[in-house]
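Morning, everyone. Please have the sequence and the model open while I talk.

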Amino acid sequence: MESPSEQEKAREEFENQLRYAFIKFDYPDDEEEPTEKRREECERKARRGEMDPRLEFTFQLLIDGTGLPRHAIMDHVFEGNMLDDINQLFLPHMRNKLLWYYQDVEEVEQRLPVEGTKPRQQGQAKLPPPQVTLKKKLFLSDGWDVKFTGICIYMFRINVSKQLPEEGFHKDLFCGILNAGKVGLVTAIERVMEHVYMNALAHPSSDGDEDETRFPIVKNQLLPGLRSFCSALKVCEDVCNQVNLFDDGKAVMANLQDHNELKEMTKNPNTITMLEERVDEWVKKIMEILSESEQLRREVDSSGPQDELEYWKKRGAQFSQLVSYLQDNEVQLTLTCLQLANSRSIKLWRDTDHKITFCYNEAKDNAKFIQAMEKCCHSLYLDDPVKINDSILSLLQTVRLIHSVSQFYNTSERISSLMVKITNQMIETCKQYITSRFKETIWSQERMVVREKLLHCINLNKTYRDTYIYVKNQPFLPNVEQFSFSENYVFGKFDTFCKRLNKIIAMFDMMDDYNNLFEKRMEGLLLGEDLEDAMHAFQEAKKAVTTCQYDYLDYRNNEFDKDYQTFEAKTNTLRESIGNTIEVNFASVWETPQGIKFLTRFEKVSQKILITKLKEKYDRVLKYCEKEVDKIMKMFKRQKDDPPLPRNYSPIAGRIKWARCLMHNMTETVESVCSHPVLRALPAAADMMRKYSATRTLIHNYEDTMRAVWMNQNLCDVDDSLNNTLLKIDESGRVAVNLDHTIKLLIRESDCLVKMDIDLPIVCHSLYAKKNYFTIVNDSLQFLLEDYLATLRRVKLEVRPLFLPQVVRLSSLLLPGLKTVTWTSEDWKEFIDRANSAIKSFDVLVTRVHDIYSNRIIYVLAGMQEVSLVNLPGLVKPTFGVLNIVS
């Protein structure tokens with residue numbers, strides 16, 4: 001820690017900085033500098049942004065509290081030399097609070113003697129008395145030296161161990177305004193405490209650093225204590241405003257000196273008459289107060305158990321004050337005088353005195369018992385409906401204890417009234433909970449959040465009623481009146497309030513249902529303009545009921561009920577319109593394979609939309625399914641001998657596939673009926689199931705037959721087919737691949753049947769295992785023959801005689817495939833490779849010969865043909881011949 005000398009040094013240094021940073025001008029040597037110049041200089045510095053933000057905040061607070069302009073605040077600050085006091089609030093270990101009073105202050109002005117008057121003697125001139133005037137003034141006070149009559153602006157710090165920072169100083173500074181002119185001081189403190197500090201503690205801001213769960217003592221102890229304190233302040237303010245009933249402005253007994261004078265007064269009839277009238281007036285005023293106990297109090301629906309507690313506290317304090325007034329000397333002497341005179345008013349007064357005593361005891365006793373319930377009532381005011389559930393049992397048990405033990409408060413009327421107040425406060429707490437302390441509406445929040453809050457409130461009502469029944473049936477003291485009241489009177493308001501909440505939840509559900517249906521386009525049943533018209537009509541009905549200005553949670557407001565009925569009527573009309581449109585658009589879908597699918601959609605929509613003749617649709621769909629089963633049965637019987645085979649399917653596999661397709665279509669139809677809870681319960685469904693069973697048996701037998709044919713077929717020819725040569729000469733005399741059709745068919749059948757999970761014979765299984773082998777050999781031979789024929793066709797007619805030996809030699813290479821190489825031979829690849837090599841060589845030879853023929857022979861002869869021969873005169877005619885040309 002710093003030593004005191006270091007702190008003093010730091011404080012002096014900081015004061016010097018403040019004087020430079022706050023004002024930034026030096027005071028002149030002349031202390032009589034006009035205040036106006038100082039204020040103007042300070043304002044110029046403030047406009048340039050050179051004023052400390054803490055000081056600027058203080059000035060603005062004074063402006064808001066007093067309503068004075070800025071220059072007037074400056075004048076008051078500088079005239080009262082408040083600047084240093086304000087700065088000390090910001091320094092460590094200095095002031096922790098500032099109190100400004102803005103109110104009327106007496107100013108004494110000495111008046112001069114009037115001109116023209118002559119003094120009696122020289123030097124004995126008499127001055128007129130000073131003139132006292134009232135003037136509003138802003139000044140600092142410690143709260144004790146001056147009576148508070150106007151406006152009080154206060155600022156205080158809790159932690160003064162460190163300097164108040166320039167940034168974020170609002171977190172450490174507390175300030176406020178009290179106005180004694182409009183409300184009393186006690187009331188002002190109570191309002192600030194209740195509406196500012198309690199509200200800040202009970203509902204900390206969401207962006208603050210405070211965590212409500214970290215400080216349970218605030219919720220469990222501090223807030224209840226502050227509520228009790230504010231309640232005591234309310235009672236104190238009400239009682240302090242009460243006037244003295246016995247103060248009639250007369251001081252009849254003030255001049256009495258002894259008892260003899262009092263006896264002398266009793267002999268004066270006029271005095272006795274006057275005193276009797278005085279006592280009668282007192283009795284009349286007292287009876288007005290006493291009559292409140294006998295009358296049924298008129299209370300608003302929002303009055304809660306705290307109001308009942310404050311009423312009896314106030315009434316007890318009122319009678320206690322009345323008893324203290326009775327001890328006044330003026331009152332006692334007046335009553336003694338009338339008693340000595342045997343006045344008729346004494347009897348009336350004694351009756352009144354007995355009533356005062358009774359009411360005083362009643363108020364004290366009731367306040368004592370109601371006070372015991374205050375702790376249980378804090379939850380009704382501070383917690384939400386979820387937490388209130390935990391305190392209802394102790395609250396009702398306390399009420400029952402009061403009903404059983406209290407001497408004056410155990411009447412059915414008073415306990416019922418107290419229960420109604422508890423109900424009122426629960427309703428008020430529910431409203432605050434739903435509307436986030438009246439900051440939101442049921443439409444401005446997320447619907448799921450509001451629905452959850454509404455359900456919590458409804459659950460509170462149920463818990464409240466169940467707890468009441470539980471407490472009522474609990475055994476208690478013997479010979480005590482049963483704890484039972486009119487449930488309609490006690491819970492009627494809460495029940496009505498919950499009915500309103502149920503209507504709001506029903507409206508939410510209806511809106512959510514329609515929104516979901518519109519998002520899914522009514523399960524695909526409403527499209528285009530019909531969907532747009534329906535959505536527009538619903539939005540209009542929704543807007544009409546959600547944009548009203550009244551309080552939706554006010555269960556006494558009948559306008560909501562009317563709007564709710566109108567909303568229901570519009571939605572019912574819209575429901576009928578949508579139902580009729582869907583009926584018309586899908587009237588012919590029930591005799592199609594999509595009938596059951598659309599039936600499921602209709603059922604989903606029918607939960608919210610009115611769909612007529614749904615039973616008729618069930619009958620139509622079931623009748624169509626029954627026709628489909630009959631149709632498949634007849635088709636099977638008619639086509640089973642020569643069925644239409646699927647594309648690329650072999651005969652046996654195609655027949656099995658055809659039978660399975662019929663079975664699949666029929667099974668899909670029947671299963672869709674059986675999976676529907678309504679269709680399968682109809683009588684016609686049993687007939688359809690019998691037909692389905694018969695047809696299914698026929699199809700299964702047919703498939704078994706086809707399997708038996710497949711498994712038991714004669715496969716002896718397969719070995720002979722495998723021993724065939726690779727090539728053969730077909731009927732047209734051409735060389736062709738010699739793969740037997742039986743092998744192809746068996747491989748194809750095996751391929752299709754394996755995909756259908758049907759077993760294969762051993763021979764077919766072996767062939768299917770060699771499927772790639774047969775495919776490769778067959779394709780290689782096919783390509784070989786195609787290349788062979790294509791190469792031979794390339795040879796031109798002019799040179800074909802030249803290629804005759806080559807063609808013979810090339811054809812001789814195919815002879816092994818025609819004579820020796822079979823489908824089981826291992827040298828098939830060598831044969832094909834040799835033939836392909838020869839074909840490529842022959843193709844190269846053909847290309848070269850064609851090149852020679854075209855470019856060397858045809859081209860040269862074409863050039864010679866274009867040469868013209870000329871017969872020259874005088875020369876020997878040459879002889880042209882082949883031999884000559886060659887030579």
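First, the ground rules. This is a predicted model: local features need pLDDT of at least 70, side-chain atom pairs count only at pLDDT 80 or more, and totals for chains, interfaces and linings use all residues. Numbering starts from 1 along each chain as its sequence is written, and side-chain values use heavy atoms, with hydrogens and water left out.

Now the overall picture. The chain has 887 residues, and 39% of them count as buried. Buried means under 20% relative accessible area, exposed means over 50%, and partly exposed is in between, with a 1.4 Å probe and protein chains only. The secondary structure comes to 32 helices and 6 strands. Those are DSSP runs numbered from the N terminus: H or I with at least four residues for helices, E with at least two for strands. Take the contacts between residues at least 6 apart in sequence: 75% of them join residues at least 24 apart. Contact here means heavy atoms within 4.5 Å.

Next, the second largest pocket. How much space lies in it? About 1,100 Å³. That volume is the space filled by probe spheres set on the grid points, which are joined across faces, edges and corners. A pocket is an open set of points on a 1 Å grid over the protein atoms alone, where a 1.4 Å probe fits, with protein on both sides within 12 Å along at least five of seven lines; lining residues have an atom within 4 Å of a point. This one is lined by 34 residues. H203, Y381, L382, Q432 and R437 lie nearest its centre. The elements giving two or more residues to the lining are α6 (185-202), α7, α10 (305-326), α12 (345-382) and α15 (412-434). Which of them gives the largest share of the lining? Helix α6, with 6 residues. By class, the lining has 8 nonpolar, 11 polar and 15 charged residues. For the classes, Ala, Val, Leu, Ile, Met, Phe, Trp, Tyr, Cys and Pro are nonpolar, Asp, Glu, Lys and Arg are charged, and the others, Gly among them, are polar.

On to single residues. K234 sits in helix α7, residues 216-240. It counts as partly exposed because its relative accessibility is 28%. Leaving out residues up to four places away in sequence, K234 touches E190, E194 and E310. K234 and E190 are 44 residues apart along the chain, yet their C-alpha atoms are separated by 7.1 Å.

Q318 is in helix α10. Its relative accessibility is 12%, so Q318 counts as buried. Beyond residues up to four places away, Q318 touches Q242 and I289.

F518 lies in helix α17, residues 487-519. Buried or exposed? F518 is buried, at a relative accessible area of 7%.

F831 is in helix α31, residues 828-865. At 2% relative accessibility, F831 is buried too. Again setting aside residues up to four places away, its contacts include L726, L727, L781, L784 and P816. L813 is also one of them. F831 and L813 are 18 residues apart in sequence and 8.3 Å apart C-alpha to C-alpha.

Two backbone points. F438 has a positive phi of about 65°, although it is not a glycine. It is in the loop between α15 and α16 (447-473). N648, also not a glycine, has a positive phi near 65°. N648 lies in the loop between α22 (614-639) and α23 (651-674). N648 counts as exposed because its relative accessibility is 57%.

Last, the helix pair. Helix α26 (residues 741-755) packs against helix α27 (residues 762-769) at about 95°, with axes 9 Å apart. Axes are lines fitted to C-alpha atoms, for helices over the stretch in contact, and angles run from 0 to 180 degrees between N-to-C directions. So α26 is roughly perpendicular to α27, a label that covers 65 to 115 degrees; under 35 is roughly parallel, over 145 roughly antiparallel, and the rest oblique. From α26, the contact uses L746, I747, S750, D751 and V754. From α27, it uses C764, L767 and Y768. By class, that contact has 6 nonpolar, 1 polar and 1 charged residues.
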